[in-house]
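Here is a note for a colleague opening this structure for the first time. Please read it with the model on screen.

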Amino acid sequence: MTGIPTIMIALTTMCTAIFIGLGFLQRPSRETAIWSAAFIAAMASTYVQAGTGPGDAPWLDAIGDGLMFLALGMVWVGIGVRRGRRQVLLVPTIALSALLIITLALTDGTSVDDAVSTGELVLFAAISAVTAFELVGMRHAPRAAIVPLALSSGLVSVFALVWLSTDFVDDRMRLLGNIPAAQDYTPVVVAITLMSALTTLLLLARAEIPAATRASVAGFRTIARDRLERAERFDDAWWSLLDVRLDDPGALREASSTLAFSHVLDRFASDVSAVFPAEADLDRVEPARMLVLLPRHEAAVRPLLRTLLERVATVSSDQSIAVRLSASIGWASVSRIGYDLDDLIAAAASAAEEAQLSGGDRWERARVSMPSV
C-alpha cells in the first residue's frame, strides 16, 4: 500500500497517539475523552478508505465518510463540553453519523446518488462552520489556542460550499474546463484539519481550569480586598462572600473512577461559573470548593443561590456518576459581617459547614460577625 492512503493512515495514527498521550492521559476529563474518540474515528476512517477498492461493497466507502463526519462532530461536541454546555448533542451526533453511513450505502449508484453526495457536502460544511463559531465564542481561552482550528474549520466549510457549485459551473461555463472533483482535494483538507485540530485541542486540553475559575488564592484575595475597601469608602453594602461546596466529595470519589470524579468536579466548577454574573470574582480554593465575591443586593442573591442548587442537583443524561449531586453554600454579607475579607471568608465557611451538617443541598447565612484574625 503506497501513496496518499498510506500517508493519511500514518498522519491520523500519529495525531491520535499524540493527543491521547499528551492530552487525555495527562489531563483526563470529559472533553479530552470525546476529543480522543474524534481522533480515533478519523484514524479508523482512513484505514477503511485505504482498504476500499473500486469493486468493493459501497458500505466500506460509506463507513469511511461517516466516521470522518463523526470525527468532526465529536470535536464540536467536545468544544461544547469545554464551554460548559449542559446539552451537547453527543448521542444525536453519533446517530446522524450512523444515518449518513446507511444513506450513502443504500443510495450508491441510484438516481439520487448525486443529491445524497450534495447533502453530504452540506453536512460537512455545516459542522465545520458551527465548530468555527463555537471556537470563536469561547471565553477564557487563549486566542493563540483557538485560531488554528477556527481558521481551518472555516476553510473546510468554504471548501465544501465552493465545490457544491462545481456542477453548476461545469455545466454552464465550459470555458473553465472540467473542475476537479472535491474528492481529489479531500486528503489535503483532512491533513490541514487534523494538524490544526491537534494543535488547538492539545492546547485547550492542557489548560486544567478555565481562566474564570483559575485565579490563585493570593490574586483573589488582593482583588477582593481592593473591591471591599473601595466599597467601604462609598458605603456600598451590596456585597456578599459565598462559600460553595460540593456535598460528600469523598463518598463520590470512592464510588467512582478517577476520570468520572474529574468530570463531576469539572461540572461543579462549570455550574458555579455559569450561574454567577461576569462581575463576580471566583476562586477555586479546592477542587470541590469555590469562593465567590458577589456585588449584588441581598434580595438578588437568593435567586442565584436557588438557581445554583437546582443546577447542581439536575441529573443530566450524560452525567458521569449516576447519582444526584448537591451543594452547600455559606453566605456572608457585608451588611452583617463587615468589609474585612478574612471575616467574610471565616463567616461564610462556618455557614457552609452548618449547611453540610444540616444535610446539604441548601444555603445557610452567617448571622453573627466574626472576629478579625
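This is a predicted model: local features need pLDDT of at least 70, side-chain atom pairs count only at pLDDT 80 or more; totals for chains, interfaces and linings use all residues.

1. Residues are numbered from 1 along each chain as its sequence is written, and side-chain values use heavy atoms, without hydrogens and water.

2. Start with strand β1, residues 240–246. Seven of its seven residues are buried (under 20% relative accessible area, 1.4 Å probe, protein chains only). One side carries S240, L242, V244 and L246. The other carries L241, D243 and R245. Both faces are covered. Strands here are DSSP E runs of at least two residues, and helices H or I runs of at least four, numbered from the N terminus.

3. β1 has pairing partners (pairing takes at least two DSSP bridges). Strand β3 (residues 289–294) pairs with β1 in the antiparallel sense over six bridges. There, R289 is the bridge partner of R245. Strand β4 (residues 327–333) also runs antiparallel to β1, joined by seven bridges. In β4, A332 stands opposite L241.

4. Now the helices. The axes of α4 (residues 90–107) and α5 (residues 113–136) come within 9 Å and cross at roughly 155°. Axes are lines fitted to C-alpha atoms over the stretch in contact, with angles from 0 to 180 degrees between N-to-C directions. The two helices are therefore roughly antiparallel (over 145 degrees).

5. Which residues of α4 meet α5? They are L96, L100, T103, L104 and T107, facing D113, V116, E120 and L123 (contact means heavy atoms within 4.5 Å).

Terms used. Buried means under 20% relative accessible area, exposed over 50%, partly exposed in between (1.4 Å probe, protein chains only). Angles under 35 degrees count as roughly parallel, over 145 as roughly antiparallel, 65 to 115 as roughly perpendicular and the rest as oblique.
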